[in-house]
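Here are some notes to read alongside the structure shown next, written as numbered points.

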Amino acid sequence: MKTEAKTSRWILAGALMCACAATSAAPGPKDAADQAMATISAAAMRGDMRFLSSDLLEGRRTGTRGYEIAAQYVASRFESMGLEPAGDKGSYFQNVPFRASRADAAHTTMSMIVNGKETSLTFAQDFLGSADPSRPDTSVDAPVVFVGYGITSPELHHDDYQDIDAKGKIVALIYGAPPSFESSMRAHYSSGLTKAATAVAHGAVGYVTLYDPNLERLYSFQHRVDDTESAPDLNWLDPQGHPNDQFPQLQAIARLALHESRKFLEACGKSPDEIFTAAKAGTLKGFDTPVQFKIHVATKSEDIHSPNIAAKLEGSDPTLRNEYVVVTAHLDHMGVGVPVNGDKIYHGTLDNGSGSAALLEIAQAMAGMHPRPRRSILFVSVTGEEEGLLGADYFAHYPTVPKSSMVADVNMDEDIMLWPLEDIVAYGAEHSSLARIANEAGERLSLSISPDQQPEQVIFIRSDQYAFVKQGVPAMLTNAGDKSNNPAINPKKIEEAWKDKIYHSPQDNMSQPGLDFESGAKFARFNFLCAYLTAQQTARPTWNAHDFFGDRYARK
């Protein structure tokens, strides 16, 4: 999930000597990249962020007029740079069809039966039923088995389903994965999609996530309720009109609030606190339960659309120009929602006005280069990230260039530019040769590469590069690290306070204190270099030998 902080000097030196051994693989004249990076402007980033997070755009939620305005703005910027359209039918837009679905609160029900006694639960107070985009009405009535985290991982010798018969039953599980898992593996196995596929493989017919204190802290049940009430769930539709990532074998999916999760565990004869402690320690064990759940989900759906915005800069090498380095950032945010301190517009200044502004600055800098990068560069501003990485996932499935021609993705999301930038976390780079690229870019800009300091937040699966990883494309997400040479500045505490008070709230706006646009520009320069150096190398980026993600997803 991160580039190793202690990458040894001899490995880096060896990589650089190999790069210099063949002139065709050299990163090109240093002054060309330096001159291009010098055009990346803190003032320009500030201006783009101000427009994208303005009230006029009403939070840029996917499928809304505000998002469409933002999309038109990005497309017009791409056109003004002289970049070629890379969307549908010669345009800058790739239309993404979506199904917007809501669970009908009045007709969605859940009850828990123990020893013949049935207790009804209240929607949005005790539980949430997940909307089903493939059917308007679905029910399940079955016994429940507790399956720990719900993970089966032969390569990590971990199986929560060992000695558990889940066939024809509802599985109840805890969010996350054992802390002993390596960071990006922990993120992968924490994915709800991975867990749902595992449940189906074991014959389950229903799926219930139990809230525990960790999940409550990361994404509270009330926050989930507020999101459900403010906007529908989205799924992209394939060319046949089928919603993505659906498991029809799971007849209903639900979440239990923390207080109801405690009641469920108590009904199983377990101490909730002991189970939650075991989850934190990585020692969860599955067990049969005396509980039966009855769940009925009614869904209301409509089909909408929202575009990705794509532009390309053709490479200078007559052969390598047929391959693409993809640079991504999501343009959407959360729209209009529950008011906080009198403001109901979720402006999304840092999440992800910052990444969108960096994308535009990188595109502008590369468009003016002479010579251009050897490989072509594909700039993609994606929709639907806040809905589950949907725009990126659609693009990765149905790219507007040949899928085999995409050699890497460099993704930017939520640059927390609240302190002087001194290090970078490059999530996912350690799984491929992109680690060498990140280290070289960091060295050139005097930025160190740091490991993931928050593995419990499973950041590797929470942004758009993961959609490309799942299509076999080496990828990385870059974030600001938490180093500081100034004892008066504690980036970790600043970020914790930001996450607690501003993240995913209307207060993520241009008025928030501490915005450091010079650090934002430095962050953009780092990502420029990562894309540029990847474009300059003759060899395509490669997955590491025997890497889990490379072995699982790499194209044959």
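The points below concern a helix pair and selected salt bridges.

1. This is a predicted model, in which local features need pLDDT of at least 70 and side-chain atom pairs count only at pLDDT 80 or more, while totals for chains, interfaces and linings use all residues. Residues are numbered from 1 along each chain as its sequence is written, and side-chain values use heavy atoms, with hydrogens and water left out.

2. Helix H9 (residues 258-267) and helix H10 (residues 272-281) pack at about 105°, their axes being 9 Å apart, where axes are lines fitted to C-alpha atoms, for helices over the stretch in contact, and angles run from 0 to 180 degrees between N-to-C directions. Helices (H or I, at least four residues) and strands (E, at least two) are DSSP runs, numbered from the N terminus.

3. The structure holds 13 salt bridges, each being a side-chain nitrogen of Lys or Arg within 4 Å of a carboxyl oxygen of Asp or Glu. One of them joins Glu118 and Lys294 (3.7 Å, N to O), and this pair links distant parts of the chain, with Glu118 in strand E4 and Lys294 in strand E13 (residues 287-313), 176 residues apart.

4. The side chains of Glu323 and Arg375 also meet in a salt bridge, at 2.7 Å from N to O. Both Glu323 and Arg375 are buried, meaning under 20% relative accessible area, with exposed over 50% and partly exposed in between (1.4 Å probe, protein chains only). Glu323 and Arg375 are linked with Arg540 in a network of salt bridges.
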